[in-house]
Amino acid sequence: MKYLKITIIKKVMLGTFICLFVISCKHNEKKYHNVMEKIEGESVNYKAPSESSSMINAEIKTVLVEEGETAFLIPERKSQLSSYNCVECHTEPLEALVQKQADKKAAHWDIKLNHANSETMNCATCHTSNDMGNLHSLTSSTIDFNYSHKLCSQCHQKEFKDWKGGAHGKQLGGWAPPRLSNTCVNCHNPHTPQFEKRWPARFNTEKVKERQ
């Protein structure tokens, strides 16, 4: 009798398990066996959200950068230059201008070149005296001011590759397309590229206690 009860219980349990298994295998669009099956199922009719950074960056003048298979936007540079347009003063070769200005205040007195030592770099490394409206490469190829990153990339290849891939430099408007990235000169002063040491912007009460 005891054996018969155990057999009946086993059959009932087996029947319940089979019913549950059959029910769990009834597929519909929101029930899956595993995570991968769910990802594949939910991806069939998935449409990516149509987010765009265009509205955020609408007031920024931009130019297109194309480096191999990578293409993105950068801020237009020429309109951001705060000083006079170079060609307004540089109407003659540099040697002639230096002689004329010998008894007057030197031009660019507010610029200190602290980028590399004088044996490696001077003003003429990047600027051409008879074409101050453009920069030039180490091989004397003309480089537009808007694309000054081409100049920086000659020596800073690692940083350039990171910047091109999006790992270096600020992305304006987040990662929503179209991509708009700051260039080297948007963050670094090209004449003194090192960042100055400074206290954190947030007030540090612990530092105040340490100084007392």
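Does Thr125 count as buried or exposed, and at what relative accessibility? Thr125 counts as buried, because its relative accessibility is 17%, where buried means under 20% relative accessible area, exposed over 50%, and partly exposed in between (1.4 Å probe, protein chains only). The model is predicted, so local features need pLDDT of at least 70 and side-chain atom pairs count only at pLDDT 80 or more, while totals for chains, interfaces and linings use all residues. Residues are numbered from 1 along each chain as its sequence is written, and side-chain values use heavy atoms, with hydrogens and water left out.

Thr125 is located in the loop between helix H4 (94-100) and strand S3 (135-136); helices (H or I, at least four residues) and strands (E, at least two) are DSSP runs, numbered from the N terminus. Beyond residues up to four places away in sequence, Thr125 touches Thr120, His136 and Leu138, contact meaning heavy atoms within 4.5 Å. Leu138 is 13 residues from Thr125 in sequence, and the C-alpha to C-alpha distance between the two is 7.1 Å.

Strands S1 and S2 run antiparallel and are joined by six bridges; two strands pair if DSSP finds at least two bridges between them. The two strands form a hairpin with two residues between them, and Gly68 in the turn has a positive phi of about 65°. Within this pairing, Glu66 stands opposite Ala71 in S2.

The largest nonpolar core consists of six residues, Val63, Val65, Phe72, Ile74, Phe160 and Trp163. A nonpolar core is a set of buried Ala, Val, Leu, Ile, Met, Phe, Trp, Tyr and Cys residues joined through side-chain atoms within 4.5 Å. At least two residues of this core come from each of strand S1 (62-67), strand S2 (70-75) and helix H6 (157-165). A second, separate core of five residues includes Cys126, Leu135, Ile143 and Phe145. In soluble globular proteins, nonpolar side chains tend to be buried together. Among the contacts of Val65, not counting residues up to four places away in sequence, are Phe72, Ile74, Tyr147 and His149.

Exposed positions were also examined. Met36, in helix H2 (residues 35-43), is exposed because its relative accessible area is 52%. Ser140 lies in the loop between S3 and strand S4 (142-143) and counts as exposed because its relative accessibility is 60%. The phi of Ser140 is near 70°, a positive value in a residue other than glycine. Most residues other than glycine have a negative phi.
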